Amino acid sequence: MWYFLNVIFNIINKKIYNYFPYPYFVSVIHLFVGVVYCLASWTVGLPKRAPMDNKLLKLLIPVAICHAIGHITSNVSFAAVAVSFTHTIKALEPFFNAAASQFILGQQIPFTLWLSLAPVVIGVSLASLTELSFNWLGFISAMISNISFTYRSIYSKKAMTDMDSTNLYAYISIIALIVCIPPALILEGPQLLKHGFNDAIAKVGLTKFVTDLFWVGLFYHLYNQVATNTLERVAPLTHAVGNVLKRVFVIGFSIVVFGNKISTQTGIGTCIAIAGVAIYSYIKAKMEEEKLQKKTT
């Protein structure tokens, strides 16, 4: 389900950007549809809404802000370059996670873990050098997204709570939506009112435009929800391997669906990066499992 929802989201998302290149507004729609979904779920009691207090809110605000920044910058990158290229750059996320753990949280990262990240950096560099859709906006936005999601994971650890993942993600979505609305209004509002909406409706018609936005928002929320629920149910190693394979699926499907031309060097670089992420994820998850075993014994 996680893979299926993610692939469908990426395909619809890129198709929208091909006729409606407004990533800030589309980012707001993603979160808005998700928030409506959460409110409707709470109304019918599936799940029952967990209570929120000031202490938990203060812990969740930094997580939601990082989620919002990472989400917007990912979409700016998706709109600017090929989906496959954005996902290749986003494969660098473990590198930023390791750096943050060592230099911000003060955790000692073993040399073998750093060594496993070398293929990721080399692979992304190779892919970037010959990527046919390369531009700096797409590249830098994807890099900022990596940093934002790294900080999100740091703050998430600090905000560990007994609340179930469905309720937790719902609250993060609501706060992130509030964060995303002002930049969308300031940066894209005037253009949208002047010609953005009219151009999109002229190209595809009002019905298709509205239904595309609805479906992309729904698939965005559902894939994140399923990913969060999966993390809650499986061992770290299973989830880590799942995350790597998800990128392979998305990159593969996006190349097939959009007919992206990729150079041989970009293809090799992408494969090296994905292999590096797989090795890193395996070593990291093994370490997590050993820690859990030590605690239980």
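Reader: Why is I69 called partly exposed?
Author: The relative accessible area of I69 is 38%, and since buried means under 20%, exposed means over 50% and partly exposed covers what lies in between (1.4 Å probe, protein chains only), I69 is partly exposed. I69 is found in helix 3, where a helix is a DSSP run of H or I with at least four residues, numbered from the N terminus. The model is predicted, so local features need pLDDT of at least 70 and side-chain atom pairs count only at pLDDT 80 or more, while totals for chains, interfaces and linings use all residues. Residues are numbered from 1 along each chain as its sequence is written, and side-chain values use heavy atoms, with hydrogens and water left out.

Reader: What makes the nonpolar surface patch, and which helices supply at least two residues of it?
Author: A patch is made of residues with over 30% relative accessible area and no salt bridge, nonpolar side chains (Val, Leu, Ile, Met, Phe, Trp, Tyr) being joined within 5 Å and like charges within 9 Å. Here L57, I61, I65, I69, W136, I140 and I144 form a nonpolar patch of about 590 Å², with areas from the Shrake-Rupley method and a 1.4 Å probe. Helix 3 (54-80) and helix 7 (136-158) each supply at least two residues, and the largest share, 4 residues, comes from helix 3.

Reader: Why is helix 4 said to be largely enclosed?
Author: Of the 8 residues of helix 4 (residues 83-90), 8 are buried, so this helix is largely enclosed by the rest of the structure. Among the buried residues are F85, H87 and K90.

Reader: Why does S145 count as buried, and what does S145 touch?
Author: S145, whose place is in helix 7, has 0% relative accessibility and therefore counts as buried. Leaving out residues up to four places away in sequence, S145 touches G70, T73, S74 and K90, a contact being heavy atoms within 4.5 Å.

Reader: Why is S27 called buried, and which residues is it in contact with?
Author: S27, located in helix 2 (residues 23-44), has a relative accessible area of 0% and is therefore buried. Apart from neighbours within four places in sequence, S27 is in contact with H71, I72 and N75.

Reader: What makes the pairing of D212 and K208 a salt bridge?
Author: A salt bridge is a side-chain nitrogen of Lys or Arg within 4 Å of a carboxyl oxygen of Asp or Glu, and the side chains of D212 and K208 meet at 3.2 Å, N to O. By this rule the count comes to 1 salt bridge. Both residues lie in helix 9 (residues 206-233), 4 residues apart, about one turn of the helix. D212 counts as buried at 12% relative accessibility, whereas K208 is partly exposed at 40%.

Reader: At what angle do helix 5 and helix 6 pack, and how far apart are their axes?
Author: Helix 5 (residues 93-103) and helix 6 (residues 111-130) pack at about 145° with their axes 10 Å apart, the axes being lines fitted to C-alpha atoms over the stretch in contact, and angles running from 0 to 180 degrees between N-to-C directions. The contact includes F95 and F103 of helix 5 and W114 of helix 6. Helix 5 is mostly covered, with 8 of its 11 residues buried.
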